[in-house]
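Here is a friendly briefing to read with the model open on your screen. Please keep the viewer at hand as you go through the topics.

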Amino acid sequence: MVDLKVGDRVKVTHRPEYDREYPHDTVIARRANSGRSGTITDRSNAHGLCFEVDTQSGARAWFEPDELTPDGIDHGELAR
């Protein structure tokens, strides 16, 4: 598994089997963001590791690590 962090660019691959772990409004956003690239804006480990991704589609959504693939350099590298 790739070590993901806030600021990383990722591509989202929605896996419906995880939808049961999220509220209905989040499930809608997860589906809408599938196939899009975005930036990780937050992480949580309250009930297992997951990441919030902003794809600039108007709806941020939370995803499991295996739904995310690195997509380019992370933003931290740009500041160096």
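Which backbone oxygen does the side chain of Asn33 reach at 2.7 Å? It is the backbone oxygen of Ala59. This is a predicted model, in which local features need pLDDT of at least 70 and side-chain atom pairs count only at pLDDT 80 or more, while totals for chains, interfaces and linings use all residues. Residues are numbered from 1 along each chain as its sequence is written, and side-chain values use heavy atoms, with hydrogens and water left out.

- Asn33 lies in helix H1; helices (H or I, at least four residues) and strands (E, at least two) are DSSP runs, numbered from the N terminus.
- At 0% relative accessibility, Asn33 counts as buried; buried means under 20% relative accessible area, exposed over 50%, and partly exposed in between, using a 1.4 Å probe and protein chains only.
- The Asn33 side chain also reaches the backbone oxygen of Ala29, at 2.9 Å.
- Leaving out residues up to four places away in sequence, Asn33 touches Val12, Thr55, Ser57, Ala59, Arg60, Ala61 and Phe63, where contact means heavy atoms within 4.5 Å.
- Ala32 lies in helix H1 too, and its relative accessibility of 46% makes it partly exposed.
- Between the C-alpha atoms of Ala32 and Arg60 there are 9.7 Å in space, although the two are 28 residues apart in sequence.

**Salt bridges**

- The whole structure holds 9 salt bridges, each a side-chain nitrogen of Lys or Arg within 4 Å of a carboxyl oxygen of Asp or Glu.
- Arg30 and Asp19 are both buried.
- A network of salt bridges links Asp19, Arg30, Arg31 and Glu67.
- Arg15 forms a salt bridge with Glu17, with the closest N and O atoms 2.6 Å apart; Arg15 is partly exposed at 30%, and Glu17 is partly exposed at 39%.
- Arg20 forms a salt bridge with Glu21, with the closest N and O atoms 3.8 Å apart; here Arg20 is exposed at 68%, whereas Glu21 is partly exposed at 43%.

**The largest pocket**

- On a 1 Å grid over the protein atoms alone, a pocket is an open set of points where a 1.4 Å probe fits, with protein on both sides within 12 Å along at least five of seven lines, and lining residues have an atom within 4 Å of a point.
- This pocket holds about 150 Å³ of space, a volume being the space filled by probe spheres set on the points.
- Its lining divides into 5 nonpolar, 3 polar and 2 charged residues.

**A backbone angle to look at**

- Gln56 has a positive phi of about 65° although it is not a glycine.
- Most residues other than glycine have a negative phi.
- Gln56 sits in the loop between strand S3 (50–54) and strand S4 (61–63), and its relative accessibility of 68% makes it exposed.

Definitions and conventions:
Nonpolar A, V, L, I, M, F, W, Y, C, P; charged D, E, K, R; others polar. Polar contact = N/O pair within 3.5 Å; in protein donor to acceptor, adjacent residues only side chain to side chain.
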